[in-house]
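Open the model in your viewer and keep the selection panel at hand. We will go from stop to stop, selecting as we go.

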Amino acid sequence: MPSRSTSTGAPETARWLLRGRDGRLTAYARADGGLLRWTEAGPGGPDWEGPEFFEVPDLTYLTLAQGADGYVHFLGRRERRDTAAEPGKSGSPVVDIVHSIQYQSGRPLMDWRSLGNPHTKLVERAPHLGAPAAAVDAAGTVHVFVRDAVGSVRMRREGKGGKWEGWKDFKVRDTLDGTVAVATSTGRVEVLAPAGKATLRWAQEKQAGELQRTDDVPLAPAPGSGTALETGPDRLTYYAADALGDGVLAHRPANGGPALPLGGSPGTGPTAAVRTTVDGYDCTVLAHRTSTGRPALAAFPTEDEGAGLWWAETGEPCLGSPSLALDAQGRVVMAAIGLDGTLRLARQKAEAGLALEAWTRA
């Protein structure tokens, strides 16, 4: 029977700790046969409700995206076996992308719906579909991206009236899993897809426009390690672990130039990033799971990576990457899934600086 209280790890995204329109934080995690959800009992904590178990069979990958309306969108890669196989034989894998929505903190998830597979004609390629990513623009339009069997990027987005458009092929080759999609405060969507020697990038000129290929980001990341954060008005900074093991790198596509080394010793999984005010200064806070398995945290003035930063390990080893969010009082909250499958949290102290309170179990 699937466990209804113990997680098997964090989702394959750094954004799994999210704040709803009511100010409450919610944490989501993988579990056998589905996902778990913990919700703050009140804005700012410290008490939590859950975990609640939601059955989602056959998921091999789970990511989340949140719109300005507070709705949380769940995108998964589902792999089942063909039930039409001959008796006594294992059916071929049937792979598709599935989607669900949570409209408010603590409310049920809507039914999961299939978005299909872009390889509807070349069925032999269908099982090789990669991991999805998603972004929601300011109008609430969901954009879903996935690596296909030949390493191209495919997009499907929700059209008017909730009807989904067909799959669009970006016609590239040899991208890797770990595509990052994000919407800026103006509603524009940008997409970054890691490849062997660089990161491919597409961007809209304005909300609802077509995604156009732009200059590559000169950063070859470890697959699945990237994230993007709006660090200036309508301006993103991309953070990812270097594929050659040289720590975390940062790059602002709008500025060009080489990637900037930020150090650290990241293991597998994405880098978490959030902006906050520390002692009156606009700062960026980063976190990752280190090669030793523990969460690590660093902070520096936003868009001033040259000012230097120091990584500090904190807490016990975790399953998957940690996540960062701001609570209803603007305090940084760091979340991680412990090796025992429980949710662990550390909240910023109500004092100067970025010191965290002791880790607690939800």
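Two strands count as paired if DSSP finds at least two bridges between them. Keep that rule in mind for the first stop. This is a predicted model.

Select strand E18, residues 235-241. Six of its seven residues are buried, so the strand is mostly covered under the cut-off of 20% relative accessible area.

Now follow the hairpin turn, with six residues between E18 and E19. Stop at Gly 245 in that turn, where phi is positive, about 85 degrees.

Ala 228 faces Tyr 238 in E18. The hairpin of E17 and E18 has two residues between the strands. Click Asp 234 there: its phi is positive, near 60 degrees.

**Aromatic pairs**

Show the rings of Phe, Tyr and Trp. How many aromatic pairs are there? The count is five.

Zoom to Tyr 28 and Phe 74. Their ring centres are 5.3 Å apart and the planes meet at 75 degrees, so this pair is edge-to-face. Tyr 28 sits in strand E2 (residues 25-31) and Phe 74 in strand E6 (residues 72-81), so distant parts of the chain, 46 residues apart, are linked. Both Tyr 28 and Phe 74 are buried.

Move to Phe 170 and Trp 202. Here the centres lie 5.0 Å apart with planes at 40 degrees, which makes the pair tilted. Phe 170 is in the loop between strand E12 (168-169) and strand E13 (180-183), while Trp 202 belongs to strand E15 (residues 199-203). The pair therefore ties together parts 32 residues apart in sequence. Phe 170 and Trp 202 are both buried.

**A surface patch**

Select Tyr 71, Tyr 103 and Met 110. They form a nonpolar patch on the surface, with about 270 Å² of accessible area together. Met 110 lies in the loop between strand E7 (93-102) and strand E8 (113-116). Is Met 110 buried or partly exposed? Its relative accessible area is 41%, so Met 110 is partly exposed.

**Cysteines**

Last, select Cys 283 and Cys 318. Cys 283 counts as buried at 10% relative accessibility. Cys 318 is buried too, at 1%. The model's disulfide count is zero.

Conventions
Residues are numbered from 1 along each chain as its sequence is written. This is a predicted model: local features need pLDDT of at least 70, side-chain atom pairs count only at pLDDT 80 or more; totals for chains, interfaces and linings use all residues. Side-chain values use heavy atoms; hydrogens and water are left out. Patches are made of residues with over 30% relative accessible area and no salt bridge: like charges are joined within 9 Å, nonpolar side chains (Val, Leu, Ile, Met, Phe, Trp, Tyr) within 5 Å. Accessible areas come from the Shrake-Rupley method with a 1.4 Å probe; for residues, only the protein chains shown count as cover. A salt bridge is a side-chain nitrogen of Lys or Arg within 4 Å of a carboxyl oxygen of Asp or Glu. Helices (H or I, at least four residues) and strands (E, at least two) are DSSP runs, numbered from the N terminus. Buried means under 20% relative accessible area, exposed over 50%, partly exposed in between (1.4 Å probe, protein chains only). A disulfide is a pair of cysteine sulfur atoms within 2.5 Å. Rings of Phe, Tyr and Trp (its six-membered ring) pair if their centres lie within 6.5 Å; planes under 30 degrees apart count as stacked, over 60 as edge-to-face and the rest as tilted.
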